[in-house]
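Biologist: Show me the structure, please. I will ask what lies behind each label.

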Amino acid sequence: MKRAFRGALIPAILLVSWEALSRAGILPMDTLSRPSAIVRAGFNGFADGSILLATWQTVEAALTGFAVAAILGILFGVILGLSPRLERVVGPTVDALRPVPAVALIPLSLLLFGFGLQMEGWVIVFACLWPILLVTIAAVRGIEPRLLELSRVLQLGFAARMRKIILPAALGRISVGLRVAISISLVVAVTVEIVLNPRGLGYGMIIAQQTLHPDLMYAELVWLGLLGWALNVALERTLARWPGGSDSGAMRGRL
Amino acid sequence: MRWLRSSSGAALFALALLLAWQVMADHKIISPVFFPSPSRTLGELWREIRAGELWAPLGATTLRMFYGWVLASLLGVAIGAAIGSSRTARDYLNPLLEFMRPLPASAIIPPAILLLGLSNEMATAVIAFGAIWPVLLSSVHGFSSIEPQLLDVSAALRLTRMQLLAKIAVPGALPDILAGARVSLAIALILAVVTEMQASQPGLGQNILLAQRSYRSPELYAGVVTLGVLGFLINHGLMLLERRLLRWRPAIA
């Protein structure tokens with residue numbers, strides 16, 4: 001109780017003094033707006049559906065990019081994880097590509113795809129791929145070697161080996177990489193929109209700023225903060241509940 | 001010997017990829033407008049180096065990244081030390097920080113432009129805001145996990161608060177802080193490029209965007225390669241520094 005009060009104290013003081021100083025004419029309305037105006041602008045934005053549409057566009061790009069990156073990352077991660085020799089050959093090329101900041105690819109992606117979902121999606125794929133790939137390689141390396149031997153003895157095909165042995169054993173650790181990647185996907189989506197892609201919440205903020213609607217811009221900023229926060233909380237919950245975060249737990253049920 | 005064999009395999013793989021790209025671009029199997037051959041990209045990069053055109057934007061981006069990172073590190077360590085060593089500070093600040101942390105850093109570009117204009121201060125503020133979190137979180141961890149025995153020792157020696165900070169708290173938290181600062185620097189580079197693209201600040205980010213607008217694709221790829229090399233160098237540079245600064249510490253793992 002006391003802690004909740006303390007946590008709310010500083011934000012409350014800031015908001016109240018913001019509103020008061022703005023009404024007293026000390027803070028400029030045209031750049032800082034004021035909390036009551038921001039709430040109103042946010043309410044209007046939700047009422048006419050524009051914020052929800054922009055949110056959907058951003059989330060759509062983030063999830064699409066994330067899904068493609070997850071499929072590619074897990075697929076190549078399993079292949080490279082199972083074959084250390086291949087990993088030694090391909091690894092340095094991966095290490096050379098990884099430090100390229102994903103945002104440097106925004107102009108390149110625009111050149112290739114033009115404005116729209118696709119260009120945003122591919123930048124997100126590039127950004128999300130590395131954490132998933134590296135974690136998957138490490139997770140597959142960490143699988144109990146006897147389980148892989150067993151799959152050889154049972155003469156399982158590739159698909160069966162994947163479904164019955166590899167994925168169940170590695171998924172706990174892969175989920176850590178997926179979690180990192182999905183937070184990245186939202187950040188990159190907003191960034192691409194802020195820089196140049198005319199869709200989604202990031203673009204909405206830029207337009208609100210350029211057309212001198214600071215109240216709407218701050219409302220969208222707060223909404224983005226809430227989205228990011230909710231995503232974070234949801235991910236922490238699911239990760240805590242993941243079956244057998246370590247490798248063996250999930251296995252036992254399957255075998 | 002085995003090392004040589006595996007690394008030559010890796011080099012062959014990379015060369016084969018580049019060669020395939022080169023051949024396909026030369027024979028127009030893939031469009032040279034979208035995927036210019038590696039030789040044209042490297043030729044452009046070489047030309048920029050020889051004409052001295054590379055250094056101004058490279059320097060501008062590096063400096064921008066560096067200013068934002070220094071500001072983020074100073075603020076991050078200060079706030080992190082306060083939160084990590086005082087329960088009261090944590091109660092007051094944590095909820096606010098928990099809300100701000102997942103906010104995409106580039107989302108504060110529009111308000112920052114509104115408040116600070118299209119300026120270097122704006123870029124520094126945005127970079128610092130985005131890059132502060134890793135160093136902040138790791139220094140919270142570093143300062144809150146000081147050995148209780150060391151605190152007993154410092155009490156027995158009657159160290160003042162400043163002495164405690166300088167002799168025990170900071171050296172103890174340093175490994176965490178440095179690890180966080182390395183992640184922060186990578187974020188600072190990303191945000192430096194973003195602010196250059198969005199707010200027309202001079203630098204590599206603006207250069208590649210302009211190259212794209214006029215379809216000078218070798219220049220665009222040369223810029224991407226430069227940024228990749230820069231990202232690689234800063235990461236490894238800080239890792240070396242980390243190892244040097246932490247040499248006094250017995251290896252744990």
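Modeller: This is a predicted model. Start with chain B, whose elements run α-α-α-α-α-α-α-α-α-α from the N terminus on.

Biologist: What makes chain B more spread out than a compact globule?

Modeller: Its radius of gyration is 23 Å. The globule rule gives 18 Å for 253 residues. The value is well over that, so chain B is more spread out than a compact globule. The C-alpha trace spans about 75 × 60 × 30 Å along its principal axes.

Biologist: How many helices and strands does chain B have?

Modeller: Ten helices and zero strands.

Biologist: What share of chain B is buried, and what share of its contacts joins residues at least 24 apart?

Modeller: Of the 253 residues, 40% count as buried. Among contacts between residues at least 6 apart in sequence, 73% join residues at least 24 apart.

Biologist: Why is helix 5 of chain B called mostly covered?

Modeller: Helix 5 of chain B covers residues 109–116, and six of its eight residues are buried. They are B:Ile109, B:Pro110, B:Pro111, B:Ala112, B:Ile113 and B:Leu114.

Biologist: What follows helix 5 of chain B?

Modeller: Just after the helix comes B:Gly117, with a positive phi of about 75°.

Biologist: Now to chain A. How do you know that A:Val192 is buried?

Modeller: Count the neighbours. A:Val192 has 33 other C-beta atoms within 10 Å. The cut-off for buried is 20 or more, so A:Val192 is buried.

Biologist: Where is A:Val192, and which residues does A:Val192 touch?

Modeller: A:Val192 sits in helix 9 of chain A, residues 158–195. Leaving out residues up to four places away in sequence, A:Val192 touches A:Ile106, A:Glu120, A:Val123 and A:Asn197. As for A:Thr238, 46 residues apart from A:Val192 along the chain, the two C-alpha atoms are separated by 28 Å.

Biologist: How do helix 4 and helix 7 of chain A cross?

Modeller: Helix 4 (residues 50–82) and helix 7 (residues 117–141) of chain A cross at roughly 35°. Their axes come within 6 Å. Here, too, the crossing is right-handed. This contact has 21 nonpolar, seven polar and three charged residues.

Biologist: What makes up the contact between the two chains?

Modeller: Chain A gives 47 residues and chain B gives 42. Several helices of chain A each supply at least two residues to its side, including helix 1, helix 5 and helix 9. The largest share comes from helix 11 of chain A, with ten residues. By class, the side of chain A has 33 nonpolar, eleven polar and three charged residues.

Notes
Residues are numbered from 1 along each chain as its sequence is written. Chains are lettered from A and ligands numbered from 1 in the order in which they are written. This is a predicted model: local features need pLDDT of at least 70, side-chain atom pairs count only at pLDDT 80 or more; totals for chains, interfaces and linings use all residues. Axes are lines fitted to C-alpha atoms, for helices over the stretch in contact, and angles run from 0 to 180 degrees between N-to-C directions. Helices (H or I, at least four residues) and strands (E, at least two) are DSSP runs, numbered from the N terminus. A crossing is left-handed if the near helix is turned anticlockwise from the far one by less than a right angle, and right-handed if clockwise. Ala, Val, Leu, Ile, Met, Phe, Trp, Tyr, Cys and Pro count as nonpolar, Asp, Glu, Lys and Arg as charged, and the others, Gly among them, as polar. A residue is buried if 20 or more other C-beta atoms lie within 10 Å of its own, exposed if 12 or fewer, and partly exposed in between; C-beta atoms are placed from the backbone. Two residues are in contact if their C-beta atoms, placed from the backbone, lie within 7 Å. The radius of gyration is taken over C-alpha atoms; the globule rule is 2.2 Å times the number of residues to the power 0.38.
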